[in-house]
Amino acid sequence: MKRYITPVIFVVVIGALTAYYLVTGGSSAPVTPGVPNEMTGPLPSTQRGTPQSGTGAGDQASQKYTDGTYTGNVEDAFYGNVQVQAVIKDGKIVDVIFLQHPSERDRSVLVNAYAMPLLKAQAVAAQNANVDGVSGASATSGAFVQSLQSALDQAAKA
């Protein structure tokens with residue numbers, strides 16, 4: 001009987017750890033049901049950066065834009081607002097500047113310090129707002145896509 005106790009305890013502990021990981025998404029941050037967690041939750045399908053019907057000019061990588069600096073809409077990223085400017089030169093995105101980003105919470109500061117350069121690089125490489133986003137910065141990534149798309153819509157119409 002004693003030789004079965006250790007394996008049973010091992011299985012129970014592994015099961016409890018697995019359940020904890022699945023519930024929290026691997027994060028040590030507290031999880032409140034129904035409240036998005038900027039570090040773990042996936043982007044809603046409307047914010048994944050995938051082209052949607054009617055989203056406008058940024059849908060095609062070969063899109064030529066009018067040179068200038070275009071300011072996107074202010075978008076809610078749950079923990080704060082995101083607003084970007086797209087800098088266009090020779091018809092291409094050469095830079096994306098963050099005008100606003102979540103910065104009230106220490107966690108948001110850390111997340112965005114990591115995510116913002118990656119989002120900018122993805123947009124410049126893609127030459128549109130169709131970016132993959134940054135794992136762990138779902139809210140910021142979704143708001144970035146929306147704000148950048150509104151700036152690129154202006155650049156396409158100009």
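## A walk through the predicted model

This is a predicted model. Its mean pLDDT is 78, and 65% of the residues reach 70 or more. Among the elements, helix H1 (residues 2-24) has the lowest mean pLDDT, 68, while strand E1 (residues 68-71) has the highest, 98. Over residues 27-61 the pLDDT is below 50. That stretch still has 77 contacts in the model beyond near neighbours in sequence.

Now the overall layout. The protein has three helices and four strands. Along the sequence they follow the pattern α-β-β-β-β-α-α. Of the 158 residues, 38% are buried. The exposed surface comes to about 9,200 Å², and carbon and sulfur atoms supply 60% of it. Contacts across the sequence are well represented: among those with a separation of 6 or more, 55% join residues 24 or more positions apart.

The largest nonpolar core holds 27 residues. Within it, Ile88, Phe144, Leu148 and Leu152 touch the most other members. H3 gives the most, with eight residues.

Of its 20 residues, 15 are buried, so H3 is largely enclosed by the rest of the structure. Its length also checks out. At 1.5 Å a residue, the 20 residues should span 28 Å, and the end C-alpha atoms lie 29 Å apart, which agrees.

Leaving aside residues up to four places away in sequence, Phe144 touches Val82, Val84, Val96, Phe98, Leu119, Lys120, Ala123 and Val131. One of these partners, Phe98, brings us to the aromatic rings.

A pair of aromatic rings is described by the distance of the centres and the angle of the planes. A search of the whole structure finds two such pairs. Phe78 is partly exposed because its relative accessibility is 44%, a value between the 20% and 50% cut-offs. Tyr79, at 19%, is buried, since buried means under 20%. The other pair, Phe98 and Phe144, is stacked: 5.5 Å centre to centre, 25° between the planes.

Ala77 touches Val82, Pro102, Ala139, Thr140 and Ala143, not counting residues up to four places away in sequence. The C-alpha atoms of Ala77 and Phe144 are 8.4 Å apart, although 67 residues separate the two in sequence.

Turn to Gly68, in strand E1. This glycine is partly exposed, with a relative accessible area of 25%. Beyond residues up to four places away in sequence, Gly68 touches Ala86, Val87 and Ile88. Ile88 is one of the core residues that touch the most other members. Gly68 and Gly91 are 23 residues apart along the chain, and their C-alpha atoms are separated by 9.0 Å.

Most residues other than glycine have a negative phi. Which backbone angle sets Asp90 apart from that pattern? Asp90 has a positive phi of about 55° and is not a glycine. The residue lies in the loop between E3 and E4. At 58% relative accessibility, Asp90 counts as exposed.

Gln127 likewise is not a glycine, and its phi is positive, about 60°. Gln127 is found in the loop between H2 and H3. Is Gln127 buried or exposed? At 12% relative accessibility, Gln127 counts as buried.

Note on methods. Residues numbered from 1 in each chain as written. Predicted model: local features only at pLDDT ≥ 70, side-chain atom pairs only at ≥ 80, totals over all residues. Heavy atoms only, no water. Phe/Tyr/Trp six-rings, centres within 6.5 Å; stacked < 30°, edge-to-face > 60°. Buried < 20%, exposed > 50% of the residue type's maximum accessible area, 1.4 Å probe, protein only. Core = buried A, V, L, I, M, F, W, Y, C linked by side-chain atoms within 4.5 Å. Helix = DSSP H or I, 4+ residues; strand = E, 2+ residues; numbered from the N terminus. Contact = heavy atoms within 4.5 Å. Areas by Shrake-Rupley, 256 points an atom, 1.4 Å probe, with all protein chains shown as cover. Expected span 1.5 Å × (residues − 1). pLDDT = per-residue confidence, 0-100.
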